[in-house]
Structure formats: structure tokens, C-alpha cells
Amino acid sequence: MAPPWVPAVGFTLVPSLGGFLNSHFIHGEGLRWYAGLQKPSWHPPYWTLGPIWGTLYSAMGYGSYLVWKELGGFSEEAVVPLGLYAGQLALNWAWPHIFFGAHQMGWALVDLLLVGGVAAATTVAWHQVSPLAARLLYPYLAWLAFAATLNYCVWRDNRGRRSGRRPPE
């Protein structure tokens, strides 16, 4: 039998696994494309994104562990709170593919707004099970609002620039 800390570590690391696997969309061509876009002066430096997402993914992962543990594993009671969590995580992991991979800034914004809505529903569902788990999602919700605003501004200021080249003026 596995030591009791194994599920906590596993749940905490799962969200980062998707982030790690998605990182290739943010490097190389995706990063070169993004570098050529107009961005607001308040966009975060690239180097901050790893620590920010690592922290957010770890917090949400540990929160999912708290919910899982409180509900006795993958029980019938856990379907809604953990199902919402899995849904928002899948939408979250899709964003780099849409934004950096396909260069679809508008559809990426739609995805990000869906992530925010499902993450908010997840927070409400988690609060009924574990208020601490729900509070662990608060920074994530704040970051999603910031990210959606940034995504909107980049999309607005770069319409028609899927290829990364400026349109003729």
C-alpha cells in the first residue's frame, strides 16, 4: 500500500503535468509569434509565468486532493466537484494550443472565459466540501480575470495578425 502522502503529492502535481506538456507551444515559433504582437505595457514579463503557473497549479492540485480526501475518493458525491475541476483543467490546458499553437486569439479568449466560469463553479462546489480547498482557488480566479483582460487587449490590438505579421496600414 502506498504511503498516505502519495495521493497528496500526485494530486498536487497533476495540473503542472499538463502545463509542462503544453510548454512547447509557448517556446519556439509560438513565442516568436507572440513577441511580434502588440501588447499592453502592463503585460507580465515572460519569466514570471513559470513561477505563477507553478504556484497556481500546485494550489489547485492540492485543493483537489482535499476535496477527494473529504469525499472519500472518487465517490458519487465527488462527481460534480471533481468533474467541474477536471473540466476547467482541460479547458485551461487547451488555451496554449489555441493561442500559441493556432494563433486564434479570439477563440483563446472564449476558452479563457469558459475556464473562468467553470473555475468559479468549481470554487462554489468545493466550498461546500472544503472551504480551504475553495480558498486555494481564489488566486487562480484572480489570475484568470487578469489573463482574460490581457488576452482581450492583445486580440483587440492585433486583429488580423494570425501569422504574426503586421497588416498593411
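Trainee: Which residues does T12 touch, not counting residues up to four places away in sequence?
Mentor: T12 touches Y57, S58, G61 and Y62, where a contact means heavy atoms within 4.5 Å. Please note that this is a predicted model, in which local features need pLDDT of at least 70 and side-chain atom pairs count only at pLDDT 80 or more, while totals for chains, interfaces and linings use all residues. Residues are numbered from 1 along each chain as its sequence is written, and side-chain values use heavy atoms, with hydrogens and water left out.

Trainee: Where is T12 found, then?
Mentor: T12 is in helix 1. Helices are DSSP runs of H or I with at least four residues, strands are runs of E with at least two, and both are numbered from the N terminus.

Trainee: Is T12 buried or exposed?
Mentor: T12 is buried, at a relative accessible area of 16%. Buried means under 20% relative accessible area, exposed means over 50%, and partly exposed lies in between, with a 1.4 Å probe and protein chains only.

Trainee: What does Y85 touch, on the same terms of sequence distance?
Mentor: Leaving out residues up to four places away in sequence, Y85 touches P15, M60, G61, S64, T122 and W126. Y85 sits in helix 4 and counts as buried at 7% relative accessibility. Its C-alpha atom is separated by 7.7 Å from that of V118, 33 residues apart along the chain.

Trainee: How many helices and strands are there overall?
Mentor: The chain has 7 helices and 0 strands. Its C-alpha atoms fill a box of roughly 60 × 30 × 25 Å along the principal axes.

Trainee: What share of the residues is buried?
Mentor: Of the 169 residues of the chain, 40% count as buried. The accessible surface comes to about 9,300 Å², and 70% of that belongs to carbon and sulfur atoms; such areas come from the Shrake-Rupley method with a 1.4 Å probe, and for residues only the protein chains shown count as cover.

Trainee: What part of the contacts comes from residues 24 or more positions apart?
Mentor: Among contacts in the chain with a separation of 6 or more, residues 24 or more positions apart account for 78%. As separate examples of spacing, L31 and G101 are 70 residues apart in sequence and 9.7 Å apart in space, C-alpha to C-alpha. P131 and G61 are also 70 residues apart in sequence, with 15 Å between their C-alpha atoms.

Trainee: Changing topic: how much space lies in the largest pocket?
Mentor: The largest pocket holds about 850 Å³. On a 1 Å grid over the protein atoms alone, a pocket is an open set of points with protein on both sides within 12 Å along at least five of seven lines, whereas a cavity is a set where a 1.4 Å probe fits but cannot get out; lining residues have an atom within 4 Å of a point. Grid points are joined across faces, edges and corners, and the volume is the space filled by probe spheres set on the points.

Trainee: Which residues lie nearest its centre?
Mentor: Of the 36 residues lining the largest pocket, I26, L49, W53, W95 and F100 lie nearest its centre. The elements that give two or more residues to the lining are helix 1 (5–26), helix 2, helix 3 (49–70), helix 4 (79–101), helix 5 (105–129) and helix 7 (138–157).

Trainee: Which helix gives the most?
Mentor: Helix 7 does, with 8 residues.

Trainee: What classes of residue make up that lining?
Mentor: The lining has 25 nonpolar, 10 polar and 1 charged residues. Ala, Val, Leu, Ile, Met, Phe, Trp, Tyr, Cys and Pro count as nonpolar, Asp, Glu, Lys and Arg as charged, and the others, Gly among them, as polar.

Trainee: How many salt bridges does the structure hold?
Mentor: There are 2 salt bridges, each defined as a side-chain nitrogen of Lys or Arg within 4 Å of a carboxyl oxygen of Asp or Glu. R32 pairs with E29 at 3.6 Å, N to O, and R156 pairs with D157 at 2.9 Å, N to O.

Trainee: Where do R32 and E29 lie?
Mentor: Both lie in helix 2 (residues 29–35), 3 residues apart, about one turn of the helix. R32 is exposed at 56% relative accessibility, whereas E29 is partly exposed at 45%.
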